[in-house]
Amino acid sequence: MLNLILFGPPGSGKGTQSEKLIVKYGLKHLSTGDLLRSEIAQQTSLGLEAKNFMDKGQLVPDAVVIGMIRSALETNPDVKGFLFDGFPRTPAQAAALDELMELKGTSINTMLAMEVSEQELMIRLLKRGETSGRSDDTNEEVVKARITEYHNKTAAVADYYHQFGKVVTVKGEGSIEAIFNSLCKEIDQKI
Ligand code: AMP
């Protein structure tokens with residue numbers, strides 16, 4: 001299997017690049033943000049709980065997202081691999097993912113970490129808010145809170161994978177095609 005993590009702050013382009021990568025490499029896309037928004041749309045109790053955190057730009061509790069990933073892995077037994085997007089976002093989620101992968105007899109191959117300047121992130125997120133219909137993209141305070149959560153809780157996930165030599169960094173600024181080519185170059189070196 002080929003199991004990749006696409007990592008980076010909110011607005012770094014994970015969603016855009018994921019859509020292209022899953023097509024090229026035939027992977028199953030698992031975005032916890034998309035899964036949570038679908039739970040909210042269906043008004044499930046999980047969705048209602050998650051919404052309280054998402055509206056404030058805060059991370060949803062680990063147990064909630066880990067449970068969602070566990071069931072997504074169970075319902076996709078025969079795929080070529082997974083592309084994790086927006087997960088893991090804490091070292092505890094990363095450790096849980098490693099355990100879940102081990103249970104499947106597989107592991108994470110690589111974390112692709114996209115680097116984008118803070119100024120560019122704010123511009124991109126507020127611009128996305130004009131069209132995405134995502135309430136957490138329209139309010140500057142919420143956008144800032146998400147970036148703060150990233151620094152306080154999520155950046156450490158890169159350290160977690162560094163200890164296993166699994167991190168490659170890619171410049172997340174430039175054209176969508178140029179960034180995609182850089183990501184593919186890194187992936188192709190691993191497979
Ligand atoms: P995203 O679509 O990845 O930007 O995620 C939108 C929001 O969903 C985040 O700001 C968090 O509130 C929540 N979320 C998504 N993925 C996770 C995760 N792995 N852990 C905790 N919260 C998450």
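Visitor: How many residues line the largest pocket, and which lie nearest its centre?

Guide: In this predicted model, the largest pocket is lined by 44 residues, and those that lie nearest its centre are Lys-14, Arg-89, Arg-128, Arg-134 and Arg-146.

Visitor: Which elements give two or more residues to that lining?

Guide: On the strand side there is β1 (4–7), and the helices that give two or more residues to the lining of the largest pocket are α1 (14–25), α2, α6 (118–132), α8 (140–154) and α10 (176–190).

Visitor: OK, and what is the volume of the largest pocket?

Guide: The volume of the largest pocket is about 900 Å³.

Visitor: How do the lining residues divide into nonpolar, polar and charged?

Guide: For the largest pocket, 15 of the lining residues are nonpolar, 17 are polar and twelve are charged.

Visitor: Switching to the ligand, where does it sit?

Guide: The ligand sits in the largest pocket, and of the 16 residues around the ligand, the ones that come nearest are Thr-32, Arg-37, Gln-58, Gly-86 and Arg-89.

Visitor: Which helix gives the most to the shell around the ligand?

Guide: That is helix α2, which spans residues 32–41 and gives four residues to the shell; the shell as a whole divides into six nonpolar, five polar and five charged residues.

Visitor: What does the side chain of Arg-37 do with the ligand, in terms of distance?

Guide: An N or O atom in the side chain of Arg-37 is 2.9 Å from an oxygen atom of the ligand, and a polar side-chain atom of Arg-89 also lies 2.9 Å from a ligand oxygen atom.

Visitor: And which atom of Val-60 lies 3.0 Å from the ligand, backbone or side chain?

Guide: For Val-60 it is a backbone N or O atom, which lies 3.0 Å from a nitrogen atom of the ligand.

Visitor: How much of the ligand's accessible area does the protein cover?

Guide: On its own the ligand has 480 Å² of accessible area, and the protein covers 96% of that.

Visitor: New topic: what lines the second largest pocket?

Guide: The second largest pocket, with a volume of about 190 Å³, is lined by Arg-37, Ile-40, Lys-51, Met-54, Asp-55, Ser-132, Gly-133, Arg-134, Ser-135 and Asp-136. The elements that give two or more residues to this lining are α2, α3 (45–54) and α7 (135–138).

Note on methods. Residues are numbered from 1 along each chain as its sequence is written. This is a predicted model: local features need pLDDT of at least 70, side-chain atom pairs count only at pLDDT 80 or more; totals for chains, interfaces and linings use all residues. Side-chain values use heavy atoms; hydrogens and water are left out. A residue is near a molecule or strand if one of its heavy atoms lies within 4 Å of it. A polar contact is a pair of N or O atoms within 3.5 Å; within protein, one must be able to donate a hydrogen and the other to accept it, and residues adjacent in sequence count only if both atoms are side-chain atoms. Accessible areas come from the Shrake-Rupley method with a 1.4 Å probe; for residues, only the protein chains shown count as cover. On a 1 Å grid over the protein atoms alone, a cavity is a set of points where a 1.4 Å probe fits but cannot get out, and a pocket is an open set with protein on both sides within 12 Å along at least five of seven lines; lining residues have an atom within 4 Å of a point. A molecule sits in a cavity or pocket if more than half of its atoms lie within 2 Å of its grid points. Ala, Val, Leu, Ile, Met, Phe, Trp, Tyr, Cys and Pro count as nonpolar, Asp, Glu, Lys and Arg as charged, and the others, Gly among them, as polar. Grid points are joined across faces, edges and corners, and a volume is the space filled by probe spheres set on the points.
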